Amino acid sequence: MLDGPVITDEHVEILLSDLLEHYGYDFTGYSRASLKRRISRLYALDKALSFAEFRYKVIDDQVYFKRFVEQITVNVTEMFRDPSFFRTLREEVLPKLGTYPFIRIWLAGCSTGEEAYSISILLKELNLLHKSLIYATDLNPAVLEKAAQGMFAMGQMKQYSENYILAGGTKDFSSYYTANYSLAKFDEELKSKLIFSTHNLVSDHSFNEFQLILCRNVLIYFDRALQHNVLDLFDSSLDELGYLALGTKETVDFSRIAKRYKRLPGEKIWRKLG
């Protein structure tokens, strides 16, 4: 266990106010339990001698600050995670959007990019990639750098291939990447319609109009008030008859926007009413 003091609720509040004051990052609407768990883990992992030392490093060491943000925001992700969700995108959502002259997709909280490349593969197989643009955003610049490289561990490919097939994929999954030692490098064509950029759901505004917005397993880390604000942001960014996709434990029910949305059967996907 930890030597020295453990991370207390008060410590969490001090760090949150430091982040806001020194870096302009506002984590005050994030779930405290989740933040405390992740901060405690990092504190133990890096064997901080005291909270004062830990706090000093976060404020004064830019490299460590990047690590801190990465550790408290990074999402567990994989390609074609929840295959039935991707099957619904493939069979119901994207074909409808295919009737549009151009498709703009916002993937909010894209983490290291596995979901972005999965969507790119679906669009390619439906012959829609040429007229699509996927804006993949995250608060964390470190994960975006990794996402933009389009390289993932070869050890994951067996699982990703199984997910792909369960999501309705019919091609040889390995045709989408080249093996490079222990890494799989995904094709440039898949990357050509991906725009990776930083966007803070807490403080940044809408930056375009979209036909599909995906934000899966991000809202669960926010408190109720922040969830409502982010759903308002998505609502103002989504075209009429556009689609909003959330994570398995997330919902638009009980929010201010609920009346304007109708859920598709089975998955956590809602269509905005015209």
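Me: How many residues of domain 1 are in contact with how many residues of domain 2?

Reply: In this predicted model, 12 residues of domain 1 are in contact with 13 residues of domain 2, where contact means heavy atoms within 4.5 Å. Local features need pLDDT of at least 70 and side-chain atom pairs count only at pLDDT 80 or more, whereas totals for chains, interfaces and linings use all residues. Residues are numbered from 1 along each chain as its sequence is written, and side-chain values use heavy atoms, with hydrogens and water left out.

Me: What makes domain 1 and domain 2 separate entries in the chain?

Reply: The domain assignment gives domain 1 as 9-72 and domain 2 as 83-272, such bounds coming from an automatic or database domain assignment. Their centres, taken over C-alpha atoms, are separated by 28 Å.

Me: How do you know what area domain 1 and domain 2 bury between them?

Reply: Buried area is the accessible area (1.4 Å probe) that two parts lose on being put together, summed over both; for domain 1 and domain 2 this comes to about 1,000 Å², 57% of it on carbon and sulfur atoms.

Me: Why is the pair Lys66 and Glu145 called a salt bridge?

Reply: The term requires a side-chain nitrogen of Lys or Arg within 4 Å of a carboxyl oxygen of Asp or Glu. The closest N and O atoms of Lys66 and Glu145 are 3.7 Å apart, so the pair meets the rule. Across the interface of domain 1 and domain 2 the rule finds 1 salt bridge, while the structure holds 16. Lys66 lies in helix α4 and Glu145 in helix α7 (residues 141-149), so the pair ties together parts that are 79 residues apart in sequence.

How values were computed: Helices (H or I, at least four residues) and strands (E, at least two) are DSSP runs, numbered from the N terminus.
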